[in-house]
Amino acid sequence: MINIHKKTLEDLEFHTVLEQVSEHCITQLGNTKAVQISPLKTKEHVIHSLALTNEYLSSFYNDNRIPNHGFEDINKELNLLNIENTYLDVYSFKKITSISSTTNEIVIFLEKFKEYYEQLHIFASHIEVTKVIIEKIDSVVDRFGEIKNNASELLYTLRQSISIVKGKINQSFTSALNQYSSQDYLDDIRETVIENRRVLAVKAMYRRKVRGSIMGSSKTGSIVYIEPETTLQHTRELNNLEYEEKEEITRILKELTNFIRPFKTLLKDSQVFLIEMDVIAAKAKYARSMEAILPEITEERNLFLRDAYHPLLYLTNLAEKKQTLPQTIELKQDSRIIVISGPNAGGKSITLKTIGLLQVMLQSGILIPVHERSKVCIFDRVLSDIGDNQSIENHLSTYSYRLKQMNYFLRKCNKNTLFLIDEFGTGSDPELGGALAETFLEEFYHREAFGIITTHYSNLKILATELPHMVNANMLFNERTLEPMFKLVVGQAGSSFTFEVAQKNGIPYSLINRAKKKIERSKVRFDATIAKLQKERSKLEKTGQSLKLNEKKKGEEADKLEEINAKVQKKLESYQELYDSNQRLIYLGQKLNDLAEKYFNNKQKRELMSELFKLVQIENSKRKRVSAKQKKVEKAKEKQVKKEVEKKVEVIRKKKKVEKELKAKQPPKPKAILKIGDRVRMEDGRAIGTIDKIEKNKAVVNYGIFTTNVSLEQLELVEAKK
């Protein structure tokens, strides 16, 4: 059973990752669910969750895109369905139709493409595809969210009656309007609408002469608004019919709600399914944003993260167009604990957090930004102690807190644990704290736990060299500039560069010397030796990179030369074939010329035919017989070549078309005034002629062999007559 402590998630800023994932959700319920993601309890659940996300991620890169999973929350509707004698409104039914339709579409799609989305298909297979709900709601509610006229016979009759009565109201009102208008009882505006009813605008002095119900008056009191008596009778009838219509709609909605009520479990399952799909899609989009993948999950206790990026740092730097340096680290049975040392601000803590955060993300079903050849295993626990945890509330000092943490580690640490400790042993007297830290580390080692710690303590660096399955590592530092290179090197402890960094920051050399004298000579020598080794490692690293770069360049140049050589060889072969072919044709031409001359002199047809036949036979004997299959292959080759040529021609044509269009868009050049004797050519033509005669915007152009009449607009000047 996997159990990752809440404190570990806080130390590794896992909540920030979840917030970033939730931003990719398209529904509010999905967003809420994404923020609540936590490490899964079993290895099977982890593998299944990762497979779902990985399959959804693959849908972004193929033609079978998973349908949209957006939906509106139906929790209110589900609660109402649980209460008897309640009924849903029309908008609620539209939401239910939408969620049922969306679920059906996704489930059917995953069934169709189950070869591509095997795990997603299994995940969706428990959802029943039913069109009964959609068909029933569609028979009652139209696409505009209104109850259909034919939802019941009574509703149809009532709406017809309402339509007739409305017609009578309009007719009677128009009649009264015309009558009182002709008698000049009405104001200039004639009519208006009050409380959604048409009323006559009657002059106050004639209000007693107009029969009807007074609905109000103007602010000045000069106009009285009256609904005519005949219209009033029909309005009362309309009110009665509209009340009956409302009652019938309520009855229909209750009936429809009772029909839907047995499907409430299916609707609930559909909503849960779509929420899960939203979270899976959000994880996939998050993975795409940082080029994350699903690495190989191994049964062995082996963790190999190649080119691993810290997700939060990578995305921040990407937004700011900065480079992020990846780290490569491996934990296995014979090197299960790594002790990282080196100066502050060199990247030790970020390396530690990268490993921890990627492990927690992976065990929560989130893909991680690593190289595709990386390998991971699943840990039962990930324990962490990162940062200064001094607490005012519980009156614990940093050291007291860390001792409390170590006690927890000792209770939980075993061979299926990954522990991460930053600045191990700090918070107390260096010698005593270092000794206790060494004891803790030995205990974790003997329990065969996997772990990474960062430290400045020399005794822990020495312990890592003494124990066979523990290794030292350091963050590379530029020895000249004393700037961090943010690159982890396994196999050697790192110097803290304490005095060098102090000197760089302007501390007087005399004070540094005094400080050196105050500490043990052996420790200075040990640190100095480490610093020297680290400098050598840095130089070797640079030399190695330079050699790799040169090797790569030479390889590229060799490939280019080989390619050029192959092209030259191919051209030579083509020229040789062409030369041989031309020589053969010249020989045949000479032979044929000799025969023609001979026949010219002696006029012997038989002899000519005999000689020609011999010549043809000799040539055919040189030709190879080709089978029908070979001919087919050759024809196919010819077709392929033809297609390629046509493609190239098409490209050239398109290019010319674009040039022509650009030329057309350019302002036309001023036309030259053409005269007799000018040398000209047709637009887009090649042949050049001389103008012999001009009359009525036409010119007679002499091309030497022939003359032609051409419009002056079609000609362009090549050379003016001198």
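By the rule used here, the count comes to 20 salt bridges. This is a predicted model, where local features need pLDDT of at least 70, side-chain atom pairs count only at pLDDT 80 or more, and totals for chains, interfaces and linings use all residues. Residues are numbered from 1 along each chain as its sequence is written, and side-chain values use heavy atoms, leaving out hydrogens and water.

Me: What makes K95 and E77 a salt bridge?
Reply: The rule asks for a side-chain nitrogen of Lys or Arg within 4 Å of a carboxyl oxygen of Asp or Glu. K95 and E77 come in at 3.2 Å, N to O, so they pass. The pair links distant parts of the chain, with K95 in helix α6 and E77 in helix α5, 18 residues apart.

Me: Why is E248 called buried?
Reply: Buried means under 20% relative accessible area, exposed over 50%, and partly exposed in between (1.4 Å probe, protein chains only). E248 has 6%, so it's buried. R251 sits at 39%, so that one is partly exposed. R251 and E248 form a salt bridge too, their closest N and O atoms being 2.8 Å apart.

Me: How do you know that K647 is exposed?
Reply: Its relative accessible area is 61%, so K647 clears the cut-off for exposed. K647 is found in helix α21.

Me: Why does C377 count as buried?
Reply: C377 has 4% relative accessibility, so it falls in the buried class. C25, at 12%, is buried as well.

Technical notes. Helix = DSSP H or I, 4+ residues; strand = E, 2+ residues; numbered from the N terminus.
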